[in-house]
Amino acid sequence: MNNAESLRSYWMPFTANAKFAAAPRLFSSAEGMFYTTTDGRPILDAIAGLWCVNAGHGRREITDAIKTAAETLDFVSSFQMGHPAAFELCRRLSEKAPEGKGHVFLSNSGSEAVDTALKIARGYHRSRGEPSRTRFVGRARAYHGMGWAGLSVGGIGRHRRDFEPLLPQVSHMRHPYDPQKSGFSRGLPEWGADFANDLENVLAVHDPTTVAAVIVEPVAGSTGVFAPPRGYLERLRQICDKHGILLIFDEVITGFGRLGSTFAAKRFGVTPDIITCAKGLSNGAAPIGATIARPFIYDTWMNGARDAIEFSHGYTYSGHPLSCAAALATMDVFDKEDLWTRGLGIEQMFEDAAHDLADRNCVRDVRNIGLLAAIDLEPEPGKPGVRAQQVNAACFEAGVLIRTTGDTLMISPPIVAEPAQIDRIFSTLRNAIGTIA
Ligand code: PMP
């Protein structure tokens, strides 16, 4: 394959196409913890694809279920009709919600699950007869997908810049992180809970009766693994309750066993009003997203003050038979192998292995929780991001796939990882970091 030629047609997401043409990473297959490149090299997947292949690659239970679905019912609309697997999936997902109940809206991605959550929040307030509640509150360093609404509540400048103006009536809280005060934290940082009072500051400027919802990732994932300070989420919950504001947890990364629990909400003991999930939901094998609302939201909507109680929202592929089959089979695998909590058993050794890197030259911070870890490197003067790219390349050369953002290295292996594989990931990282500076 002539790569430069192929790239004339394939405009790749989040990829500097020209650079990719010079050093392509192309994969032909995947099994268990490993990818195989088109030139036959096994690559240990230290990032679960993109935080999604939690049960490991090529799970027969899942691929067989997709195959059967494709051969039986290739497509049926979910607008005023459906198929049994979609109902079964929503029932089982709602049982996994923190209260063991909820109402599930299906979509195809994390971005769609987030947009759906924000729409549910506004519609809920309208149903209650409080249409003035339209404002959303997000947070710096947040990633909520690439839909216009997710981008608007998200907090990453470089993602937003080219596309502004975004959704109006969005405020942002600061992110509760300071490397001086909460650097090298293991699990929940002890410092920073007071940052939740940023929400009060927003409400001092904007009348609380204009605020529909607050959205946060319980652990900021793709921007560099920032666990919530102890007490922070509880405080956000309190403030939301006080002012009648809905709290949304975006659990696209943190759900499905990544933190050793069904959802981060369960691990942290804080119940949001709406949860979004995707990625691990189908083990990455088919596109699917889900938005889970607490019963009172659904009940209000169904008995609401508006003339039309229909949720005028949905996607052609909402509840797609192949995706539902993949998600049901994924949940079977999770139940059978107890992947919901498996991460807890290896979290300590994962944490120790990550923090062992703290003594390396130019490591500025190490953070971890569940099976998520981030290592910040001191940027090379005048060349931000270059060091992390060098480490990334050295790891790949040594047969380990990691992820980088800016000068942060990120690790999030499949939950089925064996301790020896975790050792290999971090020893490869150690060597790779040793090759720079
Ligand atoms: N929310 C969070 C927290 C995410 O991490 C992501 C994806 N990394 C998304 C939303 C968007 O998901 P998708 O790429 O499936 O649209």
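Tutor: A compact globule of 437 residues would have a radius of gyration near 22 Å, and the protein has 22 Å, which agrees. This radius is taken over C-alpha atoms, and the globule rule is 2.2 Å times the number of residues to the power 0.38. This is a predicted model, in which local features need pLDDT of at least 70, side-chain atom pairs count only at pLDDT 80 or more, and totals for chains, interfaces and linings use all residues. Residues are numbered from 1 along each chain as its sequence is written.

Along the principal axes, the C-alpha atoms fill a box of roughly 65 × 55 × 45 Å. The protein contains 17 helices and 15 strands; these are DSSP runs numbered from the N terminus, with helices (H or I) of at least four residues and strands (E) of at least two.

Let us turn to helix 6. This helix, residues 110-127, gives the most to the shell around the ligand, with three residues. The ligand is surrounded by 14 residues, of which the closest are Ser109, Gly110, Ser111, Gly145 and Val252. A residue is near a molecule if its C-beta atom, placed from the backbone, lies within 6 Å of it. By class, the shell has five nonpolar, seven polar and two charged residues. Here Ala, Val, Leu, Ile, Met, Phe, Trp, Tyr, Cys and Pro count as nonpolar, Asp, Glu, Lys and Arg as charged, and the others, Gly among them, as polar.

Helix 6 also packs against helix 13 (residues 295-302), at an angle of about 55 degrees and with the axes 8 Å apart. Such axes are lines fitted to C-alpha atoms over the stretch in contact, and angles run from 0 to 180 degrees between N-to-C directions. Helix 6 and helix 13 are therefore oblique to each other: angles under 35 degrees count as roughly parallel, over 145 as roughly antiparallel, 65 to 115 as roughly perpendicular and the rest as oblique. Their crossing is left-handed, a term used if the near helix is turned anticlockwise from the far one by less than a right angle, whereas clockwise is right-handed.

On the helix 6 side, Ile120, Gly123, Tyr124 and Ser127 meet Ile297, Thr300 and Trp301 of helix 13. Residues are in contact if their C-beta atoms, placed from the backbone, lie within 7 Å. The contact of helix 6 with helix 13 comprises four nonpolar, three polar and no charged residues.

Definitions and conventions:
Two residues are in contact if their C-beta atoms, placed from the backbone, lie within 7 Å.
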